[in-house]
Amino acid sequence: MSGASISALSALGTVQEVSANNIANVSTEGFKASSVALETGPEGQGVQVAAIQQSTNAGPMIEGIEMSNTDIGTEMVDMIKTSHAFSANTAVVRASEEMTGHLLNMIA
């Protein structure tokens with residue numbers, strides 16, 4: 001159970017990194033935002049990164065210069081959702097570790 005959560009934590013970390021990069025480059029001329037596609041892990045367990053895809057949508061034109069196509073609102077909502085998913089998976093890993101510790105104490 002915790003193996004699936006650990007793989008999810010890794011994938012969710014990548015999602016946060018991509019969102020942070022998009023936000024960091026919101027003022028960069030011509031920057032194209034990226035997104036992460038997730039998929040089920042090996043043998044149907046966990047989550048892994050399938051691909052990091054760059055958007056092909058044009059950014060707004062300001063004085064003839066294409067700006068970043070990053071949507072701050074969307075990025076912030078995505079980061080909040082990812083944060084909640086990360087917290088939930090952390091709780092699963094923590095509970096699994098505690099159960100293992102209690103079992104080892106019972107055996108010893």
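Q: Where is Met76 placed in this predicted model?
A: Met76 sits in helix 2, which covers residues 72-107.

Q: Why is Met76 called partly exposed?
A: Its relative accessible area is 40%. Buried means under 20% and exposed means over 50%, so a value in between counts as partly exposed.

Q: What makes the nonpolar surface patch of about 220 Å²?
A: Val26, Ile72 and Met76 make the patch. Members need over 30% relative accessible area, and Met76 has 40%.

Q: Why is Lys32 said to form a salt bridge with Glu66?
A: The closest N and O atoms of Lys32 and Glu66 are 2.5 Å apart. The cut-off is within 4 Å, so the pair counts as a salt bridge. The pair links distant parts of the chain: Lys32 is in the loop between helix 1 and strand 1, while Glu66 is in strand 4, 34 residues apart.

Q: Is Lys32 buried or exposed?
A: Lys32 has 19% relative accessibility and therefore counts as buried, the limit being under 20%.

Q: How do you know that Lys81 forms a salt bridge with Asp78?
A: Their closest N and O atoms are 3.7 Å apart, and the definition asks for within 4 Å, so the pair qualifies. Both residues lie in helix 2, three residues apart, about one turn of the helix.

Q: Why is Lys81 called exposed?
A: Lys81 has 55% relative accessibility, and exposed means over 50%, so the word applies.

Q: What is the nearest side chain of opposite charge to Glu75?
A: Lys81 is the nearest, 10 Å away. Glu75 is buried yet has no salt bridge.

Technical notes
Residues are numbered from 1 along each chain as its sequence is written. This is a predicted model: local features need pLDDT of at least 70, side-chain atom pairs count only at pLDDT 80 or more; totals for chains, interfaces and linings use all residues. Side-chain values use heavy atoms; hydrogens and water are left out. Patches are made of residues with over 30% relative accessible area and no salt bridge: like charges are joined within 9 Å, nonpolar side chains (Val, Leu, Ile, Met, Phe, Trp, Tyr) within 5 Å. Accessible areas come from the Shrake-Rupley method with a 1.4 Å probe; for residues, only the protein chains shown count as cover. Helices (H or I, at least four residues) and strands (E, at least two) are DSSP runs, numbered from the N terminus. Buried means under 20% relative accessible area, exposed over 50%, partly exposed in between (1.4 Å probe, protein chains only). Lys and Arg count as positive and Asp and Glu as negative; His and the chain ends are not counted.
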